[in-house]
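Hello,

Here is the structure you asked about. My notes follow below it.

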Amino acid sequence: METVMLIVMATLFGLAIGSFSCVVIDRLPVPLDEPNEFGERFTMRPWAEVAGGRSRCSACGTDVPAHLNVPVFAWLFLRGRCKNCGASIGAFHPMVEASIPLLWLGLAWALVWSPLVGVREVAVAGVSGEDRERIIQIGAVAKGLPLVKVDTDRIADDVISLGTVSRVDVERHWPATIVIRVKPRAAAFAMGNAQGGVQVVDAEGLPFWMTDRPPPGVPLASLEDSEDPAQRVAAATVVRALSAAQRARVRDLRVAAPDRITVNIGDVVVTWGSAERSDVKAKIVEVLARRQGVTTINVVVPESPVTGGRAGSATKP
């Protein structure tokens, strides 16, 4: 039924365009009694005169009634002559009127039913390796399937369901390629789960991946309540604020509450407090941790950081 409706709509639309094309062809040029200064034997009517008004006989000027203005069939019924004056109606009228629907049907066939613009390749941008291969398998469609029939929304939903990407755009690249552009989730930290594995959490505090051990370079965090979004967001905020060198040296990240965060960076224990102004706190810690003998740093109030040494003394820089 869908195919029949498409054929009917393409045919009717083509006939309408063909009929209008005949009007333009018939009205647009105006013959001149003698060539003008440029040697032209025709001039052009204003577009308003060409497109305006009803169809009429070019010989006697009589308006053509609606029942005699049906493309192709009216010309055949009238045997190519005006009903009012008997003037000949050019054969180009039915030829143009019939050719436009054929062109539309040919275009519809090429786009919807033929393999001329069918899928021959699925490309993935944004990830590589195993993730890329997994997405290609998810986005696989039958070779030769016309591009217009590819369900891009279904592919996007299936890729998003992997959980490892935060955004998916599926595009048709004519004539034969489906391109899947993805934005992978950035791992901020990992946290243990009840099954003995770890959950990897992204920069927005959303768990998106279950694995046996934290990925390389991703710190392991201990949260008092791993189901609390506020604690996950706080931990992610702190990790994002750390420099790459600091993240590589994180031994432990503990979140007792969103405003009670402690970070072990190398041999230095940092009392972080809340995740607010973490970018400022990270820079202060980076400077103070270079001081010889410093083993504790308190940046709960970043304007007044406190350091402690091996002897247990506390100083304000």
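Some ground rules. This is a predicted model, in which local features need pLDDT of at least 70 and side-chain atom pairs count only at pLDDT 80 or more, while totals for chains, interfaces and linings use all residues. Residues are numbered from 1 along each chain as its sequence is written, and side-chain values use heavy atoms, with hydrogens and water left out.

Overall fold: the protein chain has 9 helices and 15 strands (DSSP runs numbered from the N terminus: helices are H or I, at least four residues; strands are E, at least two). Of its 317 residues, 35% are buried (under 20% relative accessible area; exposed is over 50%, partly exposed in between; 1.4 Å probe, protein chains only).

Helix α7 covers residues 229–241. Its buried residues include Gln 231, Arg 232 and Ala 234. At the start of α7, a side-chain oxygen of Asp 228 comes to within 3.1 Å of the backbone nitrogen of Ala 230.

Cysteines: the count of disulfides is 0 (a disulfide is a pair of cysteine sulfur atoms within 2.5 Å). For Cys 60, the nearest cysteine sulfur is that of Cys 85, 3.7 Å away. Cys 60 is partly exposed, at 34% relative accessible area, whereas Cys 82 is buried at 13%.

Regards

Terms used. Expected span 1.5 Å × (residues − 1). Polar contact = N/O pair within 3.5 Å; in protein donor to acceptor, adjacent residues only side chain to side chain.
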